[in-house]
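Please open the model in your viewer and keep the selection tool at hand. The stops below take you from one selection to the next.

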Amino acid sequence: MNIRIVSPSAAIDPQLIDKAAVVLESWGHTVSIAPHAQGKWAGFSGTKEERLADLNEAFADPAVEAILCSRGGYGLAQIIDRVKVDERKLLIGFSDITCLHCLCANHEMPSLHSIMAKHIASLPADSDPIKTLRTILDGGKNISYTLPTDSLSRKGKATGILRGGNLSVFYGLQGTPFEVKKKDTILFIEDVEEPQYHIDRMLQNLRLSGLLASVKGVIFGQFAGCKDDERVGCSLNETLLNSVAPYNIPVIMNFPAGHVEYNLPMMLNQQVEISIDDNHTTFTQQLH
């Protein structure tokens, strides 16, 4: 596969891109690096125009088959309305890359919520996130996980289109042309180092917008560094569960995806089947 590494948001240690490229090439892929991917302008990898140019050139280049975002951070909201996607490309990343996942969703374009340069460069070859990403890049046609059921999960089964990503970024797109469709959605959300009250505020937005009432299931990923706050009057887990309490839908708690090393890849904007019973939670996707 021909892979282009871009940095559409925050600046990254250039060595992490080089190391990730070496790993990807060792898997048999051809890797190119966008002109400004290893750059720095303020806290970003480049100016708005430079980052936009790198993205649009990667989408426009007929040789490029996959676009790997080097990292998240912040910056895509500044340029998302000028990005021109190509449905034939596979977009890869998470965190601030949720902006691009939502753009892809509006084009009914599957995109991969996955580890990026840092973890491609550093995780062991036998780690599950690495093995799954490698299988997908090699043309694998399914993603399947079987996990112990978290004691807080809500049992049930559902099939729908997996949409979402980082809660803060996803929430920031509500009420814009880049908010995702509600119909047939299984919602995935995660976040990092957000105050509990802010998480509640964002979930209330998803409730008030009607999104939570319309989804077929919810997957709560990792909320890394998000702590309980006694001022809210309940735990963070209770805040999450309270947001979906009125709805008769299956809920997966503590799914291993988000701002953690054990960040299992998932194909957003594509059908997923989830099943939760007393002992096992399964997540299954047939890739197109």
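**First stop: the largest pocket**

Select Arg71, Gly72, Gly73, Ser95 and His259, which lie nearest the centre of the largest pocket, a site lined by 26 residues; a pocket here is an open set of points on a 1 Å grid over the protein atoms alone, where a 1.4 Å probe fits, with protein on both sides within 12 Å along at least five of seven lines, and lining residues have an atom within 4 Å of a point. The elements that give two or more residues to this lining are α4 (117–122), α6 (167–172) and β8 (185–192), helices (H or I, at least four residues) and strands (E, at least two) being DSSP runs numbered from the N terminus. The space in the largest pocket is about 510 Å³, a volume being the space filled by probe spheres set on the points, which are joined across faces, edges and corners.

Before moving on, note that this is a predicted model, in which local features need pLDDT of at least 70 and side-chain atom pairs count only at pLDDT 80 or more, while totals for chains, interfaces and linings use all residues. Residues are numbered from 1 along each chain as its sequence is written, and side-chain values use heavy atoms, with hydrogens and water left out.

**Second stop: an aromatic pair**

Next, select phenylalanine 44 and tyrosine 74, which form a tilted aromatic pair at 6.3 Å centre to centre with 50° between the planes; rings of Phe, Tyr and Trp (its six-membered ring) pair if their centres lie within 6.5 Å, and planes under 30 degrees apart count as stacked, over 60 as edge-to-face and the rest as tilted. Phenylalanine 44 lies in the loop between β2 (30–33) and α2 (48–60), and tyrosine 74 in the loop between β3 (66–69) and β4 (90–93), so the pair links distant parts of the chain, 30 residues apart.

Is phenylalanine 44 buried or exposed? Phenylalanine 44 is buried because its relative accessible area is 15%, whereas tyrosine 74, at 45%, is partly exposed (buried means under 20% relative accessible area, exposed over 50%, partly exposed in between, with a 1.4 Å probe and protein chains only).

Finally, select histidine 113, placed in strand β5 (residues 111–113) and counted as buried because its relative accessibility is 0%. Not counting residues up to four places away in sequence, histidine 113 touches several residues, including Phe94, His101, Phe188 and Met266, where contact means heavy atoms within 4.5 Å.
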